[in-house]
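Let us take a friendly walk through a protein model, one residue at a time. Keep the sequence and the 3D view open as you read.

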Amino acid sequence: MSSTGRAGKVRVERRLTTARHGARLLDRKQHILADELERLQLRAERARAEWEELAGEAALWLRRAAALDGSGQLAAAAPPVPAAVQLRWISTMGVVYPDDPECSFPAVPLAGGSSALSYAASVHRRALEAGVRYAAVQRAEMLVTAELAAARTRQRAVENRWIPRLENELLEIRRQLDAQELEESLRLRWAADRKAAP
């Protein structure tokens, strides 16, 4: 398709309008993603602190239960199947990421032992839930960060390359059209002057 003439001018003007609109949308997307990233970072800090606290408590109670009940009793208290995690996925500005995971635990086998063993199992479940929440929010933070960087790159490309190129192309087309109009008016004037001359 030719980039000259009136049709070329209209085509380039439309593309320029589209590029400017795209840059505005990318800017809006960046603001929304930046807000979401800030929210996720706060959640990640809280989730990390909760997980570290519960993991430390779980380790302490595991040592106590091992001292009181022995390794045989610990092995008997372990569930036969691992816990399962269900992730719920949400989307912000086209970025899909995990949110609010749920852990489902197998039935706890009846295995005597001290109250330290029972409490150790309970605190390990809570630590696992906190660890899963922390992992999910870390993953969400990583995905939003990557999309925010990509949106910034796309906006810079549109604003610094595509829009200036289209503006230059439009300016050149306008110059060509102005030159053609001037040439046409000169031809018409010369033709009128020739007709008027005896």
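M93 is partly exposed, with a relative accessible area of 33%. Here, buried means under 20% relative accessible area, exposed means over 50%, and partly exposed is in between, using a 1.4 Å probe and protein chains only. You will find M93 in the loop between β1 (84-92) and β2 (95-104). Helices (H or I, at least four residues) and strands (E, at least two) are DSSP runs, numbered from the N terminus.

Before going on, a word on the source: this is a predicted model, in which local features need pLDDT of at least 70 and side-chain atom pairs count only at pLDDT 80 or more, while totals for chains, interfaces and linings use all residues. Residues are numbered from 1 along each chain as its sequence is written, and side-chain values use heavy atoms, with hydrogens and water left out.

**Two backbone angles**

Most residues other than glycine have a negative phi. M93 has a positive phi, near 50 degrees, and is not a glycine. D100 is another residue that is not a glycine, and its phi is positive too, at about 55 degrees. D100 sits in strand β2 and is partly exposed, with a relative accessible area of 41%.

**How the helices cross**

Two packed helices are described by the angle between their axes and the distance between the axes. The axes of α1 and α2 come within 2 Å and cross at roughly 165 degrees. That makes α1 roughly antiparallel to α2; angles under 35 degrees count as roughly parallel, over 145 as roughly antiparallel, 65 to 115 as roughly perpendicular and the rest as oblique. The axes are lines fitted to C-alpha atoms, for helices over the stretch in contact, and the angles run from 0 to 180 degrees between N-to-C directions. α1 passes α2 in a left-handed crossing, a term used if the near helix is turned anticlockwise from the far one by less than a right angle, with right-handed used if clockwise.

**Residues along helix α2**

Which residues does Q155 touch, leaving aside its neighbours within four places in sequence? Q155 is in contact with A23, L26, D27 and Q30, where contact means heavy atoms within 4.5 Å. Q155 is found in helix α2 and is buried, with a relative accessible area of 8%.

A140 also has its place in helix α2. A140 is buried, with a relative accessible area of 1%. Not counting residues up to four places away in sequence, A140 touches L40, Y97 and P98. A140 and Q41 are 99 residues apart in sequence, yet 9.5 Å apart in space, C-alpha to C-alpha.

L171 lies in helix α2, and L171 is partly exposed, with a relative accessible area of 39%. Between L171 and V12 there are 10.0 Å in space, C-alpha to C-alpha, and 159 residues in sequence.

**Aromatic pairs**

Rings of Phe, Tyr and Trp (its six-membered ring) pair if their centres lie within 6.5 Å; planes under 30 degrees apart count as stacked, over 60 as edge-to-face and the rest as tilted. By this rule there are two aromatic pairs. W51 and Y134 form a stacked pair, at 5.9 Å centre to centre and with 25 degrees between the planes. W51 lies in helix α1 (residues 5-77) and Y134 in helix α2 (residues 115-196), so this pair ties together parts that are 83 residues apart in sequence.

The rings of W61 and Y119 have centres 4.7 Å apart and planes at 65 degrees, so this pair is edge-to-face. W61 lies in helix α1 and Y119 in helix α2, so the pair ties together parts that are 58 residues apart in sequence.

| Residue | Relative accessible area | Class |
|---|---|---|
| W51 | 33% | partly exposed |
| Y134 | 15% | buried |
| W61 | 22% | partly exposed |
| Y119 | 31% | partly exposed |

**Charges over rings**

A charge sits over a ring if NZ of Lys or CZ of Arg is within 6 Å of the ring centre and within 35 degrees of the ring normal. R64 lies over the face of W61, at 4.6 Å from the ring centre. R125 lies over the face of F105, at 5.9 Å from the ring centre.
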